[in-house]
Amino acid sequence: MESSSEGVARVGDGGGGVVEDPAPTEASAVEAIVPEAAVPEAGAAGAIVPEAVVPEAVATAVAATAPASLSPSRAGDFMQCPLLYRFRVIDRLPEKPSPAATKGTLVHAVLERLFDAPAAERTAPRAKSLIPGQWDRLRETRPEVVELFADDPEGERLAGWLVEAERLVERWFTLEDPTRLEPAERELFVETELDSGLRLRGIIDRVDVAPSGEVRIVDYKTGKAPRPEYSEGALFQMKFYALVVWRLKNVVPRRLQLVYLGSGDVLTYDPVQADLERVERKLLALWEAIRLATETGEWRPRPTKLCGWCDHQAHCPEFGGTPPPYPLPITLPVRAPESGDGAQGRMGPG
């Protein structure tokens, strides 16, 4: 159902239910990136399916193809740097695993698996006991993560890294009480196609449904909460998910909740339908920009402080590199004839 309040708030205790703590709303993070765009009438087709069928979750060596869908992470890539989007989506350049991202994957797996246990057994010691097994599973499914500790023969760095993961898991118990939670879904893959033809997809960490039918979307973050002036950017991902759920189920989620394990903060937002309509307009405009770049091959880099962490500096013009040959056909813009070029059209038989 549609919420009657909207706003952002930080709370120290996520608890087990939907709490009321609205604060003043902020403008959409996407508004500063792309202009307003027309939106078709509401309505879409799609499905909610298990995570196991996520096509993007499996790295495959296939020929380059034009982008066919949009996820929160890929939308974020394009807004951060169009060239980064091209490298990841079209060129599919390899990237090295990072300790921080891999730790996040490990912690997410532990929190997901903990809910397999009966409520009374969802304790911090049990959660920490899951870490070794989930780390073994991660190494089996993603062998590249072993490279992170290839230069650590004594296992000292790995041991410290696993202790950091334990601390993140422990901190979660100070923010939410899993004995009071019975998630309706965990690691849920969602996908829908808008009337415009734009396909949206993503993976939601957790979906809680109250007895009244109200829906809460929860996402775990292993980093620190952003400063208040940057909170809207953090909520973009959550509003994206809320839009997909709304188009699929015709239900506006009651609450969006970001749980920051790195700093011990919980950021919440109560969306209304107008929020999601606005996000849809921005995504349509963003997708139009992606379509144009795909056709013209114009993927311009956008230098920021984040460039220091990019794996693709060797291919980036900003660092003296050269992008690989563009693997898709390029459509040149049609040039209007200049004055004196002669007739601009034709009528009659050929």
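**Helix contacts and salt bridges**

Let me start where Pro72, Ala75 and Met79 of α1 meet Phe236, Gln237, Phe240 and Tyr241 of α7. Sorted by class, the residues in this contact of α1 with α7 are six nonpolar, one polar and no charged. Before going further, please keep in mind that this is a predicted model.

Now the geometry. The axes of α1 and helix α7, which covers residues 231-249, come within 10 Å and cross at roughly 135°. An angle counts as roughly antiparallel over 145 degrees and as roughly perpendicular from 65 to 115, and α1 and α7 are therefore oblique to each other. The crossing of α1 and α7 is right-handed.

Next, α1 against α8. Which residues of α1 and α8 meet? On the α1 side they are Ala75, Phe78 and Met79, and on the α8 side Leu286, Ala289 and Ile290. The contact of α1 with α8 has six nonpolar residues, with no polar and no charged ones.

How do the axes of α1 and α8 cross? They come within 11 Å, at an angle of roughly 65°. That makes α1 and α8 roughly perpendicular to each other, given that this class runs from 65 to 115 degrees. The crossing of α1 and α8 is left-handed, whereas that of α1 and α7 is right-handed.

I will stay with α8 for a moment and turn to charges. Glutamate 288 and arginine 291 form a salt bridge, with 2.4 Å between the closest N and O atoms. Where do the two partners, glutamate 288 and arginine 291, sit in helix α8? They are three residues apart in this helix, which spans residues 273-296, so about one helical turn separates them. Glutamate 288 is partly exposed, at a relative accessible area of 40%, and arginine 291 is partly exposed too, at 34%.

Arginine 88 pairs with aspartate 77, and their closest N and O atoms are 2.8 Å apart. This pair links distant parts of the chain: aspartate 77 belongs to helix α1 (residues 72-80) and arginine 88 to helix α2 (residues 82-90), eleven residues apart. Is aspartate 77 buried or exposed? Aspartate 77 is buried, with a relative accessible area of 5%, the cut-off for buried being under 20%. Arginine 88 has 31% relative accessibility, so it counts as partly exposed.

The two do not stand alone. Arg74, Asp77, Arg88 and Glu95 are linked in a network of salt bridges.

One last pair. Lysine 128 and glutamate 170 meet through their side chains in a salt bridge, at 2.8 Å from N to O. They too link distant parts of the chain, with lysine 128 in helix α4 (residues 124-129) and glutamate 170 in helix α6 (residues 156-175), 42 residues apart. Lysine 128 counts as partly exposed at 23% relative accessibility, and glutamate 170 counts as partly exposed at 34%.

How many salt bridges does the structure hold? The count is 30, and the pairs I described are among them. I will stop there and take questions.

Notes
Residues are numbered from 1 along each chain as its sequence is written. This is a predicted model: local features need pLDDT of at least 70, side-chain atom pairs count only at pLDDT 80 or more; totals for chains, interfaces and linings use all residues. Side-chain values use heavy atoms; hydrogens and water are left out. A salt bridge is a side-chain nitrogen of Lys or Arg within 4 Å of a carboxyl oxygen of Asp or Glu. Helices (H or I, at least four residues) and strands (E, at least two) are DSSP runs, numbered from the N terminus. Buried means under 20% relative accessible area, exposed over 50%, partly exposed in between (1.4 Å probe, protein chains only). Axes are lines fitted to C-alpha atoms, for helices over the stretch in contact, and angles run from 0 to 180 degrees between N-to-C directions. Angles under 35 degrees count as roughly parallel, over 145 as roughly antiparallel, 65 to 115 as roughly perpendicular and the rest as oblique. A crossing is left-handed if the near helix is turned anticlockwise from the far one by less than a right angle, and right-handed if clockwise. Contact means heavy atoms within 4.5 Å. Ala, Val, Leu, Ile, Met, Phe, Trp, Tyr, Cys and Pro count as nonpolar, Asp, Glu, Lys and Arg as charged, and the others, Gly among them, as polar.
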